[in-house]
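Dear colleague,

Please find the structure below.

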Amino acid sequence: MSYCKQEGKDRIIFVTKEDHETPSNAELIADDPDDPYEEQGLILPNGEINWNCPCLGGMASGPCGSQFKEAFSCFHYSQEEVKGSECIEHFRSMQECMQKYPDLYPQEEDKENPPQAESGGAPAADGSALLSEKDSSSVASPDGVSAADG
Amino acid sequence: MLTCRAVWKKLAPLARASSTVCRQNVRRAGWNNARTPLCVPVAHMSTGPVGGGGDNLKYALLVGAAFVGGLTYAVITLKGDQKRHLERMAEISSRKQKSASQIHTEPPATMIEAPLETKLEAAAAPDAEAAAPSETAEPPPVDEPLAEASAEEAAAPLTDAGVEEAADSKPSLPSHAPYLLIGGGTASFAAARSIRARDPGAKVLIVTDEPDLPYMRPPLSKELWFSDDPSVTETLRFKQWNGKERSIYFQPPSFYIDAEELSGAANGGVAVLAGRKVVHMDVRGNKVKLDNDMEISYDKCLIATGGVPRNLQVIERAGEEVMKRTTVFRKIDDFKSLDKVSRNTQSITIIGGGFLGSELACALGRRSTESGLEVIQMFPEKGNMGKVLPEYLSNWTTEKVKKEGVKVIREAVVKSVSYKDDKLEIKLKDGRVVRTDHIVTAVGLEPNVDLAKSAGLEVDSDFGGYRVNAELQARSNIWVAGDAACFYDIRLGRRRVEHHDHAVVSGRLAGENMTGANKPYWHQSMFWSDLGPDVGYEAIGIVDSSLPTVGVFAKATAKDTPKAATEESGTGIRSESETEDTASSTVVPAAPAPVVDHRDEYGKGVIFYLREKVVVGIILWNVFNRMPIARKIIKDGEEHADLNEVAKLFNIHED
């Protein structure tokens, strides 16, 4: 049983679980996926890679940024049957670069798989993705929470 | 007529031709002292028309004195100007020589230093000699640009030659940075990362007056205090939500390249010039001057100077003994010193009831359970977070803070502070007296706008900080981000925000715009705070307790605590210590008041802040992982008839 009280300009409503079981009739405006103002995920609407995605952490901006960009771009645009199979050289040079900075790129990464979009460059991610710890990163990730679920 | 005549007679020596009308009247009245024949022309300017011999003399003396006085003043002013001008010229030419030689003497112990210096001195001498004869030949003002130009030209080829020589053995600090970031905090680092991501090979120079590399501030009043590691003040590492440890520094030193190597770096990089303050900004010339007189020119510049924590005037005036025992909390050094103090004193008083003050109070309060430290918190408001939370919630929060071991003194306005009998004595305006060993002030931040004057940048009078547009631009190639930016928020209006996530969001946006994006501030930043194991909230938008609010609450269960949330979410940097583990087992008892009224237990819920019926701010109270929904509601900016319906979107009863 919910009840409500007013303390001056502030209104307080206590609700039980049952009160909130009926779906909400609040209306939310539909989002435009191509809105240029919005923060984008890893892949932009035009198909290009968003190097500034918080999900990548500092991968594209660190000392090995250019090698990472080349490798990942090659993988992204690869049309081969085994995606990215022609990109081995790029990944190798990226790895060589990363080995020069062990405290930036801890070496426990899985060396076989190219960095996936979701994992977002795992090695440096924990060190640098937490730049925007709380929320800015979670919103921008491609599998982010959708606002209007109901 | 008669009065006019009398007055006219008195003023005759001074009135002269201005009073023709009166004179005519006088003549008509027949007043005639026989000194002025009627046919004297009206526009007689020399002596007064009715001036006699004595009056004439007085008048002549007066005019003469005025003339001499004016002439003297003119001569003195001109002489002074000329003297100042000559002094300035001398200063400029000496400065040119000094800076030219300095750029090459900067890198310590270079072998080419000696030959370069002698080369420069030799060149400077002919410069001065060249300047001297031309000075005498031509009038001073014209000479200045000539002398400067010749000195510059001579210096320029030298500089180039110097750099080329230097590059072979050791490079010098850059005199030009394509991207110059003033300030080395969160916003600056976020911008640097953004620039590097979008502009391949970008060369970014961060200039900061702090000795530290860029670091994040929230752990200084939160996680670092809960660490089990006794050497935490040295390592500055804390445990994250996933159990992994990380440093408060955004990146280890190996991420950055040396400032000297920036110009020559093939793939660019981010360099940090620490311990150097930018003291002057020349917007027309696109360059800045540092406190060592070094000049750096830029293509694009970001000002992210943050702010300086405020102190109470009564403390600043209270003398050295009081100041020695006061920590104005903001930086790493303040954390280190406060940690030390908390282990070596018996009583600490925190002045300030906002985010920082309350977090520090809770952190120290937790320590007090082990060490017997007395922790006092005082503030002018009626309750903790009094300017943020509606009154009922602020009161409830204050009770929770007290449970953390803090003695809370509300409605406390400090009147004076003095040092007596080895203790600090704080006298409040209402007569209460508090005796303590150490004071921590958390009374707000003064945005740092030191460069506004020299740069000619606008400062906002309402919110403080540099005034920028929705794209964070102050001028076409100058942006401002972080605490120092008063920006236009398209949805919520002009504001200035002092939170960590805002620094990240605005820094990133500034970096994007510096690389050509032209996006306005749109993604709303958020903030969060934890006050002990029972109270944790996330908030977004304008959260001001003076606005009308609507709060929708459910009863909290043992599962709804920040501890539980961090294990579920992946969005927090909260960490838990062992003491918190034991504390949470007694979480949320019945309301402390004798009346067991569960309805007034504000365990978890959503609070909406309204401005003209539109939701402009939302607090998620002990409810986590719902920030995207809150952000969406603010972005829509709609009027909702029933906020309970909106609250349903948050599923506050679920985990």
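Ser347(B) lies in strand β11 of chain B, which covers residues 347–351; strands (E, at least two residues) and helices (H or I, at least four) are DSSP runs numbered from the N terminus. This is a predicted model, in which local features need pLDDT of at least 70, side-chain atom pairs count only at pLDDT 80 or more, and totals for chains, interfaces and linings use all residues. Residues are numbered from 1 along each chain as its sequence is written, chains are lettered from A and ligands numbered from 1 in the order in which they are written, and side-chain values use heavy atoms, with hydrogens and water left out.

With a relative accessible area of 2%, Ser347(B) is buried (under 20%; exposed is over 50% and partly exposed in between, with a 1.4 Å probe and protein chains only). Its side chain makes polar contacts with the side chains of Glu374(B) at 2.8 Å and Thr436(B) at 2.7 Å. A polar contact is a pair of N or O atoms within 3.5 Å; within protein, one must be able to donate a hydrogen and the other to accept it, and residues adjacent in sequence count only if both atoms are side-chain atoms. Beyond its neighbours within four places in sequence, Ser347(B) is in contact (heavy atoms within 4.5 Å) with residues including Leu373(B), Ile376(B), Lys423(B) and His438(B).

Elsewhere, Leu71(B) belongs to helix α3, residues 53–105, and is partly exposed at 49% relative accessible area.

As for the whole chain, chain B has 18 helices and 28 strands, and 50% of its 655 residues count as buried.

With kind regards
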